Amino acid sequence: MITDEFLSLAKPQAKTYKDKHIQDILENTLKLAEVQGITEKIHVKKEIDLHLPLVICEENQLKQVFSNIFKNAVESMPSGGTVTIQLKRFNQENLVVRFSDEGPGITQERMQHLGKPFYSTKEKGTGLGLMVCYKIIREHKGEINFVSELGKGTTVDILLPFKK
């Protein structure tokens, strides 16, 4: 698994960027993720705006990012809880896909290391999944931001520019 993650980072891949409705990509990704959530006692709350501009993207890569962020949220709540997923216009240039969990939160010191290889907040994590997410979103000219408060959970904002 670690080798596969490194290879996805290192080797150049032919990417086909197309105009897509991000809400469709998110909904398709969440269909599978929600099944995992049910088995883990996770309630998924979706707040998805339907009338949004297109995003120029590589669909499978965004599915990978959304799946990884959702998986991290679920794993942060081993006793169950709610993951809220929002999709809306963020500003005049970007859409935001926001994942909020009710997990234990992450300290400020640990947050500054997120996305670095082999740094993980999970006991058996490699940190490579989040590193791949950062790379994919950068390639889409977007950004990932974390906000967390101990005892209250973590919110991950994925900002993606929309087509004008």
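Student: Which residues does Asn 94 touch, not counting residues up to four places away in sequence?

Tutor: Keep in mind that this is a predicted model. With sequence neighbours up to four places away set aside, Asn 94 touches Arg 89, Leu 159, Leu 160, Pro 161 and Phe 162. Asn 94 itself is found in strand S5, residues 94-100.

Student: Is Asn 94 buried or exposed?

Tutor: Burial is read from relative accessible area, and under 20% counts as buried. Asn 94 has 13%, so Asn 94 is buried.

Student: And Val 147: is it buried or exposed?

Tutor: The cut-off for exposed is over 50%. Val 147 has a relative accessibility of 58% and therefore counts as exposed. Its place is in strand S6, residues 143-149.

Student: Which residues does Val 147 touch, not counting residues up to four places away in sequence?

Tutor: Val 147 touches Met 111, Gly 153, Thr 154 and Thr 155.

Student: Where is Cys 133 placed, and is it buried or exposed?

Tutor: Cys 133 lies in helix H5, residues 128-139. Its relative accessible area is 1%, so Cys 133 is buried. Leaving aside neighbours within four places in sequence, Cys 133 is in contact with Val 65, Asn 68, Ile 69 and Ile 144. For Val 65, the C-alpha to C-alpha distance to Cys 133 is 5.2 Å, across 68 residues of sequence.

Student: At what angle do H3 and H5 pack?

Tutor: For a helix pair, read the axis separation and the angle together. The axes of H3 and H5 are 9 Å apart, at an angle of about 140°. H3 and H5 are therefore oblique to each other, since only angles over 145 degrees count as roughly antiparallel. The crossing of H3 past H5 is left-handed.

Student: Which residues of H3 and H5 make the contact?

Tutor: From H3 come Gln 61, Leu 62, Gln 64, Val 65, Asn 68, Ile 69 and Asn 72. H5 supplies Gly 129, Leu 130, Val 132, Cys 133, Ile 136, Ile 137 and Glu 139. By type, the contact of H3 with H5 has eight nonpolar, five polar and one charged.

Student: How do the axes of H2 and H3 cross?

Tutor: Helix H2 (residues 22-39) and helix H3 (residues 59-75) have axes that come within 9 Å and cross at roughly 40°. That angle makes H2 oblique to H3, and the crossing is right-handed. Contact residues include Ile 22, Ile 25, Leu 26 and Thr 29 of H2, and Leu 62, Phe 66 and Phe 70 of H3. The residues of this contact divide into nine nonpolar, four polar and three charged.

Student: Which residues touch the most other members of the largest nonpolar core?

Tutor: In soluble globular proteins, nonpolar side chains tend to be buried together. The largest nonpolar core here has 40 residues, and Ile 22, Leu 26, Phe 66, Phe 70, Phe 99 and Ile 158 touch the most other members. H3 gives the largest share of this core, seven residues.

Student: What does Phe 66 touch, not counting residues up to four places away in sequence?

Tutor: Phe 66 touches Ile 22, Ile 25, Leu 26, Thr 29, Val 97, Phe 99 and Ile 158.

Key:
Residues numbered from 1 in each chain as written. Predicted model: local features only at pLDDT ≥ 70, side-chain atom pairs only at ≥ 80, totals over all residues. Heavy atoms only, no water. Axes fitted to C-alpha atoms, helices over the stretch in contact; angles between N-to-C directions. Helix = DSSP H or I, 4+ residues; strand = E, 2+ residues; numbered from the N terminus. Parallel < 35°, antiparallel > 145°, perpendicular 65-115°, else oblique. Left-handed = near helix turned anticlockwise from the far one by under 90°. Contact = heavy atoms within 4.5 Å. Nonpolar A, V, L, I, M, F, W, Y, C, P; charged D, E, K, R; others polar. Core = buried A, V, L, I, M, F, W, Y, C linked by side-chain atoms within 4.5 Å. Buried < 20%, exposed > 50% of the residue type's maximum accessible area, 1.4 Å probe, protein only.
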